[in-house]
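Here are my notes on the model, as numbered points. Please read them with the structure open.

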Amino acid sequence: MLRGLYTRHSRKVQMLAAGVGGIGVYSLVKSQSHTHADALSHLAAATSTDPAQLWVPPSRDEMLRRLGCPETPTQPVSKSWFSSSSSANKAEPAEAEPEFDLLICGGGATGVGCALDAATRGLKVALVERDDFSSGTSSRSTKLVHGGVRYLEKAFKELDIEQYKLVVEALHERSIFLKIAPYLSYQLPIMLPIYAYWKLPYYFVGAKAYEFLAGAEGISKCYFLGKRKALEAFPMMKSDRLVGAMVYYDGAHNDSRMNVAIALTAVAHGAVVANHVEVVELVKKPRSKFFGKAGFGKDEICGAVVRDVLTGKTWTVKAKGVINATGPFSDGLRKLDTGLTTQEIVAPSAGVHIILPNYFSPRNMGLIDPETSDGRVIFFLPWQGNTIAGTTDSPTTVSANPMPSEEDITWILDEVKNYLDPGIKVRRGDVLAAWSGIRPLVRDPAAKNTAALVRNHMINVSESGLLTIAGGKWTTYRAMAQETIDKAVEVFDLGEKAGPCISERTILVGTAGWTPNMFIKLIQNFGIETEVAEHLADSYGGHAWAVASMAHMTGLRWPIHGKKLSPQYPYIEAEVRYAVRREYACTVVDVIARRTRLAMLNAQAAKETLPRVIEIMAEELHWTPERQAQEHADALQFLSCMGLHYLEGLNDKSPEERTFYTRNHFVPEELVAYQKEFARWDKQGNGRIRAKDLGKALKALDVSVADASVQQDALAIAEKMELGKQGLLEFGEFLEVLSEIKERKQLSRFKMEEGEARTIVSTLKSGGGV
């Protein structure tokens, strides 16, 4: 049906999309869908070449109403051009006191995975999240969907069957990722450089074993590259003593977009989800079932008191069972259950990642360093047009927005330098963003040795019935959810109502209607840039049509539609409107960090977009001036945890301090001074100075360095950098020497005192920090 409508009305659609920016394709489909069956019909209706039927999720107000929130207004449902006043387009009456089979606390990967698993089994499910979907660890991962090469190595070295099982399970889950959300997940070749001949068979066998364990669910085959081919594939790599490289394939994804897609798919299958709603109290009653059975107390949890963080409204949600899927914050909810003296099970570990410009890695090839100075693995991967490097594993405390430490950032930079060509300088100023994610390593309170950390994840049921799922990693979220709901069905006596788990074959919202080439039609139909069209297709799948239809005209000959939020990135203003209307975005941080990824990619660019993002959201959500000011302040505070605080106040600092945190080595006034001094020593007027005059020029410029001998031996620096071989230096080489001297001094400021060791989490427990 939609195909014919689209063909007959394509011109009309494009005119409306251009003139209004908010109607477009959405006007051709039903604007609301309340039933499980109706949602599924939309998910399955699309063809491979035409715009998908666009299911529209209920509004957040509607979600709160179904959750039992008092006095929540019901949003009127607008009729589309071709819809009737059927029951599907009418709001359902609110139940007096709705009771759910399960109330899930936590909207990260595990929480939304549990909601989707339970909903597809036919259970009545509610989910609440104190902040936003994937606001914590789930949006701050390494972006890999992988089995774990470090786990496999340990399994063989230590003959550890549990490590082996972890790898096999994760490889199976990797294949499911690629099937249920192919627009958000993809296979990525990762290069493992080899600098010793004896390591060649070792890495070859390891890569082949990793490939073999995936079996029929594997992706592309691994292969060996000689030195020349390896450098062609990754030209930034250090060539000295390079023997060759193994290239193997693993999965990668856009983590927060995946999290949102899972949450929306749960909604499509009947779940009630609400972000920015926190649990403030657990409600209990005398136990009526399993009383006296080992492990159960006299009281049982029958719901929770929740509060809408945005409005302050508080109410009670009834449920037969409550699942604690709050990740690093698991102990907080457990203490609501059993008191402040409850033994803590979370051993938080900070994993820091940094974002570098895209010229530090090829667009379609990652790199792994298996032998870092502290024994864990570092990945160097292309992601969202930039390069991501990480991660660390250091003990930390639990907080909503942890700050990446300067020591961890410097350590990652130092490790990256070990594998890059010496001519490529990776400076602190090249770090566009940096963030810290808290990985919830856990102790099992039921184990004999409660101080020992579990290797994967842990499920625990308290005496009152609070079911806690903690630990694990992104790749195995679905398997963890399946195991959790299996346990919930058993503990909360839901067996008669719950069907079998079908999450392995449940496609996510956006998959229907997506093809690898759909971006071409977006370009042709809406007149948007190629980069923007590819981004929309890869971020929204079949729903990219809806985003494009909300795009306003640019006023340019080309592109016709799609005003960018930042000229450096493909995010457009229409995505802000779409995030508010269709993806439950409620705050500026929701948009810049998790619906788009701008805050994670470039903290300064995200800051520059704040006025426009706030303006659009104020239009959509009717914010007061006071709310707009608060949103701006909150966004700046969040961006400080993404590395922005390093850039604040730079204009008031010395040129040396300013360039340490910026991508350019020199400020304009420095370049002017260097050019003048270089010209003074250019006696022949041929653009060259004598190498033996280098020290005199530096002295005249009053170039101060931490070590006086460096200034005295400037010529030695030039020789080490293989500059001035003919006894002459060009201006570019002159700047190279100045840059090296400046970098040495800057790095000395952040060198740790001799003998001081970085505190790290054992790789035996962390799995190598990934």
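1. Contacts first. This is a predicted model. Take the contacts in the protein chain between residues at least 6 apart in sequence: 74% of them join residues at least 24 apart.

2. Overall content. The protein chain holds 27 helices and 20 strands. It has 770 residues, and buried residues make up 58% of them. Its accessible surface comes to about 31800 Å². Carbon and sulfur atoms account for 53% of that surface.

3. A surface patch. Which residues form a nonpolar patch on the surface? They are Ile-161, Tyr-164 and Val-168. Tyr-164 is found in helix H6, which covers residues 161-180. Its relative accessible area is 34%, so Tyr-164 counts as partly exposed.

4. Helix H7. This helix spans residues 199-214, 16 residues in total. From first C-alpha to last, H7 reaches 23 Å, close to the 22 Å expected at 1.5 Å a residue. Its buried residues are Lys-199, Tyr-203, Ala-207, Ala-209, Tyr-210, Glu-211, Leu-213 and Ala-214. Note that Lys-199 and Glu-211 are on that list. What covers the buried residues of H7? The cover includes helix H5 (149-157) and H6, along with strands S4 (185-194) and S6 (244-253). Just after H7, Gly-215 takes a positive phi of about 60°.

5. Helix H9. Here the helix runs over residues 255-268, with 14 residues. H9 reaches 20 Å from its first C-alpha to its last, close to the 20 Å expected at 1.5 Å a residue. How many residues of H9 are buried? The count is 14 of the 14, so H9 is largely enclosed by the rest of the structure. Just after H9, Gly-270 takes a positive phi of about 105°.

6. Aromatic pairs, part one. A search of the whole structure finds 14 aromatic pairs. One of them joins Phe-177 and Trp-474: the ring centres are 6.0 Å apart and the planes meet at 65°, so the pair is edge-to-face. The two residues come from distant parts of the chain, 297 residues apart. Phe-177 sits in helix H6. Trp-474 sits in the loop between strand S18 (467-471) and helix H12 (477-491). Are these residues buried or exposed? Phe-177 is buried, with a relative accessible area of 3%. Trp-474 also counts as buried, at 9% relative accessibility.

7. Aromatic pairs, part two. The rings of Phe-234 and Phe-380 have their centres 6.5 Å apart and their planes at 35°, so this pair is tilted. Phe-234 lies in the loop between helix H8 (227-233) and S6, while Phe-380 lies in strand S13 (residues 378-383), so the pair ties together parts that are 146 residues apart in sequence. Phe-234 counts as buried, at 0% relative accessibility. Phe-380 is buried too, with a relative accessible area of 3%.

8. An aromatic cluster. Which residues form one aromatic cluster with Phe-177? Trp-474 and Tyr-477 do.

Key: Residues are numbered from 1 along each chain as its sequence is written. This is a predicted model: local features need pLDDT of at least 70, side-chain atom pairs count only at pLDDT 80 or more; totals for chains, interfaces and linings use all residues. Side-chain values use heavy atoms; hydrogens and water are left out. Helices (H or I, at least four residues) and strands (E, at least two) are DSSP runs, numbered from the N terminus. Buried means under 20% relative accessible area, exposed over 50%, partly exposed in between (1.4 Å probe, protein chains only). Contact means heavy atoms within 4.5 Å. Accessible areas come from the Shrake-Rupley method with a 1.4 Å probe; for residues, only the protein chains shown count as cover. Patches are made of residues with over 30% relative accessible area and no salt bridge: like charges are joined within 9 Å, nonpolar side chains (Val, Leu, Ile, Met, Phe, Trp, Tyr) within 5 Å. A salt bridge is a side-chain nitrogen of Lys or Arg within 4 Å of a carboxyl oxygen of Asp or Glu. The expected span of a helix is 1.5 Å times one less than its number of residues. Rings of Phe, Tyr and Trp (its six-membered ring) pair if their centres lie within 6.5 Å; planes under 30 degrees apart count as stacked, over 60 as edge-to-face and the rest as tilted.
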